Amino acid sequence: FIAHLYNLPERRARIVKYQKWNIGTPAEQDVALLQSAGYSYLLATVLAARGVTTPEAAAEFLDRERSLTTSPMLMRDMDKAVERIQRAIAGGETVAVFGDYDVDGISASSLLYLYLTQRGGRVATYIQQRKSEGYGLNDEAVQNIAEKGTTLVISVDCGISGLLEVANAPKSLDIIITDHHTVPEVLPPAYAIINAKQRDCGYPFKHLSGVGIAFKLCQALEQREPGRLPKWQELTELAALGTVADIVPLIGENRELVRRGLKAMETTKLVGLRALIKASGCPETGIASDNIGFGLAPRLNAVGRLEHAQLAVELLVTDDSVKAEKIAAELNEGGANVVVSSLDAAINWGRSNSLWSLTFGTSCCGIEFMAVGCARYDFSRFGFEVTRHSPRPSYLIMCAGPITHKNAPVFHLLDARLHPK
């Protein structure tokens with residue numbers, strides 16, 4: 001279909017998924033150590049090939065229950081955050097959940113909104129507008145939130161880099177930051193910061209997504225006042241959605257959150273998620289991570305590019321089936337067309353300027369990519385066309401010679417963005 005649409009050679013449209021398997025070769029001593037602990041040769045080999053090389057690590061990897069029992073109170077500032085949120089709920093304060101506009105932020109905002117409202121909280125959500133506000137906290141949004149009478153803001157999947165925004169916030173506003181991104185050297189002066197990657201944070205698992213951090217916050221609140229909401233059900237499907245979409249390592253708690261969440265999606269009570277599953281053509285049983293990565297996530301990501309990601313949160317938290325079906329249909333149509341609409345002009349320009357090779361698509365988290373090979377072209381001109389027609393930040397990478405994983409230096413995109421040369 002893609003080849004026909006863009007008049008490309010048929011061979012460019014071949015499905016390459018799983019054509020080649022890269023199987024790791026574990027060290028013999030690792031396999032022997034696992035066998036000595038009672039694991040079969042086959043299981044020991046598979047575990048060692050996946051980097052699970054000690055009996056302790058194997059026991060944790062295979063024990064589903066234990067992988068979600070790590071106390072959330074081990075996270076730095078978790079006790080302060082729980083105390084402040086409990087006080088806000090008891091006092092009838094208005095709490096604003098401030099989320100990022102990607103699937104991780106959308107899922108985290110929805111999860112925290114649903115949990116806190118079911119605990120009796122007065123909660124609103126705020127998702128920043130991608131084009132006009134950009135990423136993270138911003139002064140105008142924080143000011144507007146405070147003027148509406150909000151006294152507590154909880155950021156999800158963002159905020160850790162908001163040093164100035166938190167410092168400039170009205171004194172009447174307490175800000176709790178929950179984030180999983182790289183921690184800067186100077187932290188924002190927030191009421192509490194929950195991020196497992198902080199240097200002095202004692203939480204052992206450092207790979208949670210933004211929605212994973214939000215999930216642990218809910219778990220901490222639940223442990224303080226148990227019985228208000230089931231411990232895992234009604235939350236794990238949203239945790240799985242954001243965890244898979246953000247491409248964090250599926251190990252430890254992430255692996256178990258996704259396993260439980262995929263199963264919970266089959267019987268979810270969230271009418272918006274059910275509507276999106278139906279509209280996207282996702283199977284209603286036997287849902288796998290691929291269905292999130294290539295089906296649900298791109299549609300939720302698309303709304304932030306086409307309109308406003310707040311619409312996706314409204315979908316996931318609504319209990320109105322008619323509203324849910326309407327929004328799901330809009331997201332389904334937008335997600336199917338966004339790659340073509342954003343890249344069509346650049347592709348046409350490239351075809352008319354001696355392009356001889358072109359590959360494009362959408363990654364498992366909804367990120368658009370285009371690989372280009374040309375006989376002759378003005379590289380900066382092509383980059384201009386791509387960025388002019390793409391609604392999101394773009395990186396243009398040129399390979400001047402053969403590169404393999406053995407000799408390629410590590411290149412951190414965040415460092416490049418913060419310290420351009």
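Predicted model: local features only at pLDDT ≥ 70, side-chain atom pairs only at ≥ 80, totals over all residues.

Student: Which residues of α8 are buried?

Tutor: Helix α8 spans residues 139-147, and its buried residues are A141, V142, I145 and A146. Viewed down the axis of α8, these buried residues fall within an arc of 135°, so they line one face of the helix.

Student: Why would residues three or four places apart point the same way?

Tutor: An α-helix has 3.6 residues a turn, so residues at that spacing point the same way.

Student: And what is exposed on the other side of α8?

Tutor: E140 and E147 are exposed there.

Student: What follows α8?

Tutor: G149 follows α8, and its phi is positive, near 95°.

Student: Let me change topic. How many salt bridges are there in the whole structure?

Tutor: A search of the whole structure finds eleven. As background, side chains of opposite charge can pair when their charged atoms come close. One of the salt bridges joins the side chains of E83 and R87, with 2.9 Å from N to O.

Student: Where do E83 and R87 sit relative to each other?

Tutor: Both belong to helix α5 (residues 78-90), and because they are four residues apart, about one helical turn separates them. E83 is partly exposed, with a relative accessible area of 33%. R87 also counts as partly exposed, at 39% relative accessibility.

Student: Which residue does D174 pair with?

Tutor: D174 forms a salt bridge with R84, and their closest N and O atoms are 2.8 Å apart. This pair links distant parts of the chain, as D174 is in strand β4 and R84 is in helix α5, 90 residues apart.

Student: Is R84 buried or exposed?

Tutor: R84 counts as buried, because its relative accessibility is 3% and the cut-off for buried is under 20%. D174, at 22%, counts as partly exposed.

Student: What about K326, which residue is its partner?

Tutor: K326 forms a salt bridge with E330, with the closest N and O atoms 2.9 Å apart. These two are four residues apart in helix α16 (residues 321-351), so about one helical turn lies between them. K326 counts as exposed at 54% relative accessibility, whereas E330 is partly exposed at 30%. Elsewhere, salt bridges that share partners join R84, E93 and D174 into one network.

Student: Now the surface. Which residues form a nonpolar patch there?

Tutor: L163, L164 and V186 form one, with about 270 Å² of accessible area together. V186 lies in the loop between β4 (174-178) and β5 (192-194), and it counts as exposed because its relative accessibility is 52%.

Student: How many disulfides are there?

Tutor: The count comes to zero. A disulfide is a covalent bond between the sulfur atoms of two cysteines. Among the cysteines, C158 is buried with a relative accessible area of 0%, and C282 counts as buried at 9%.

Student: Finally, how many helices and strands are there in the protein?

Tutor: There are 18 helices and seven strands. Of the 421 residues, 46% count as buried. The protein exposes about 21700 Å², and carbon and sulfur atoms supply 54% of that area. Among contacts between residues at least 6 apart in sequence, 63% join residues at least 24 apart.

Definitions and conventions: Residues numbered from 1 in each chain as written. Heavy atoms only, no water. Patch = residues over 30% accessible without salt bridge, like charges linked within 9 Å, V, L, I, M, F, W, Y side chains within 5 Å. Areas by Shrake-Rupley, 256 points an atom, 1.4 Å probe, with all protein chains shown as cover. Salt bridge = Lys/Arg side-chain N within 4 Å of Asp/Glu carboxyl O. Buried < 20%, exposed > 50% of the residue type's maximum accessible area, 1.4 Å probe, protein only. Disulfide = S-S within 2.5 Å. Contact = heavy atoms within 4.5 Å. Arc of directions from axis to C-beta.
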